[in-house]
Amino acid sequence: MFKLESYITPILLSYVAKYVKNFRDEDANVSLWEGEVTFQNLDLRLEVLEEELQLPVELVSGHIHELSIQVPWTKLMSEPVKIVINTIEFVAKLPDGESKQRRASFQREQRRKSKRSSMEQPDQQQQQPKSPGAGSSSSVVNKIINNISLQCHNIILKYVEDDIVVSMNVQTLNFSSAGEDWKPTMVDIHPVSVVMRKLLQVSDLTICLDKRNTAGRIEVCQEPVLYRCTMECRVLRKYNANTVSTSSTTRIGVFTKALDINVSSLQFPMVMRLVKMLLELKPAEGEEDPQNPEDQEAVAEGQEAQPEPAGQSVFWWAWNLLPSFDAEAPSSSCDTPTGHAFDLGIYAEELNFQLKNSEYFTDQSMGGIKRIRYTPILRISLGGLYYERTLLKECDWANVKAGLSSMCMEPLGAYRSEDPVDRNLVNTQEFLEERSFIDKSLFDENYMFADRSWCSYNYEDYVARNTDEYMLFRSPVLAFDIIEHRVPKASSHPVAESQLRDLGLRIQYRLLSAGITFHFSQSFAQKR
């Protein structure tokens, strides 16, 4: 007789054991059968998280104060299993030589385990007799597992680098499956033609940037750089189970309604150092030349099964403007592309940046404590921002698009002009289509994935779809577009194939702008 508890319970507890140290799942079986189990004070397996998330930084510590698993046994087909985390803390730093060696060693061990399990699994399947309801039970279990929801309350991340201390706090994070309308719901997963939608909602994201002294202490805490920001991330994954190794589509979209950034003169040099560091960051590299044949086979198998480009996580992929193509021939024609298509889009309806002058002073009224006095200098308001990147490596195609719909630059405080006409240094006309910058994105209410009008891997077709008029429709102030693609080039000269492909490389740029007005008043120049 098929008992759902005997299938679901080991799977749920195995997920917890994968990420948590010193976990004994046999102690939680009885509690989970009753509908809920709670764990207190858990230490995380940092090496597993670094490998799973492809983090370019090293996690120094990770701790969960409370974790509970809630299973609605009587409503498993209509309500999701919930994993609730209360207060999770991380401390991160830049990786050093020792941590890189440790991660490489962990990767080798994971490859060995993966190969051993793949070799043992067919034997176990042959030895175990199939039950009459095995097929139906498998589909039920897959539906339950794919619809697990995650709720995190109070996420704390601290990053320390020299005298810089970055503290990030997220009040609430929700991760769940979504339907076609991108609302959290229970969804069915087709066994062959798979379309999965995942929704990640972040509430009250706050980022603080402070400076510590030689003793490692922060003397005065500065105002947050980013305060209580709310954003939403949508992930769409489409593939056919029979052709997932050769073809799939992954779309990731991040949207925020308002992004308010405040930077003081004391924080600005630290921000520049962090930006430079982020641009130079690369994902952790594994061992390129394993020492034994078993590792070499494991590496080869891992590369074949990996749908994404090797060594590129979502985070690192977003930083690179254009990719570097391999010298391998494309597997199919670009008119009917097959391969792993990736699309990343970042959208902000409004972004406000304020620069303030700051200086330390001793407050005698508060017992002589050290405080910071702020004086506003400049505010920059941007509207309708977007950045999109599309990649189909098998077809040697990469595309980057970015745009801006409105802009206003206004001096503040002593730099503010009394003349209303010349008060703004830069301004633009108000854009009428307020939601045009998300056109054909995952946040477009009129968007249908089936029409595939968002993508094109043929240059002529792409230009016909994305005309100059359409680019200015999406972002009337500033529109930027880069296309990198290969063009077959016939030649009678006996040159190497790699040289011939290099001759076919084409990079096309487009930059469109309109409706920007600059004002430089005499009073501002004098005060400056």
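**Notes on the model**

1. A nonpolar surface patch is formed by Phe268, Met272, Val275 and Leu279, which together have about 350 Å² of accessible area. Patches consist of residues with over 30% relative accessible area and no salt bridge, like charges being joined within 9 Å and nonpolar side chains (Val, Leu, Ile, Met, Phe, Trp, Tyr) within 5 Å. Areas come from the Shrake-Rupley method with a 1.4 Å probe, and for residues only the protein chains shown count as cover.

2. The model is predicted: local features need pLDDT of at least 70, side-chain atom pairs count only at pLDDT 80 or more, and totals for chains, interfaces and linings use all residues. Residues are numbered from 1 along each chain as its sequence is written, and side-chain values use heavy atoms, with hydrogens and water left out.

3. Methionine 272 belongs to helix 6 (residues 268-280). Helices (H or I, at least four residues) and strands (E, at least two) are DSSP runs, numbered from the N terminus. Methionine 272 is partly exposed because its relative accessibility is 42%; buried means under 20% relative accessible area, exposed over 50%, and partly exposed in between (1.4 Å probe, protein chains only).

4. The whole structure holds four aromatic pairs. Rings of Phe, Tyr and Trp (its six-membered ring) pair if their centres lie within 6.5 Å; planes under 30 degrees apart count as stacked, over 60 as edge-to-face and the rest as tilted. One of the pairs, phenylalanine 255 with phenylalanine 443, is tilted, at 5.4 Å centre to centre and 35 degrees between the planes. Phenylalanine 255 is in strand 8 (residues 248-256) and phenylalanine 443 in the loop between strand 14 (426-428) and helix 9 (459-465), so this pair ties together parts 188 residues apart in sequence.

5. Tyrosine 347 and phenylalanine 443 pair edge-to-face, at 5.9 Å and 70 degrees. Both are buried. Phe255, Tyr347 and Phe443 make up one aromatic cluster.

6. There are 20 salt bridges in the whole structure, each a side-chain nitrogen of Lys or Arg within 4 Å of a carboxyl oxygen of Asp or Glu. Among them is lysine 143 with aspartate 188, whose closest N and O atoms are 2.8 Å apart. Lysine 143 is in helix 5 (residues 134-146) and aspartate 188 in the loop between strand 5 (164-177) and strand 6 (193-211), 45 residues apart.
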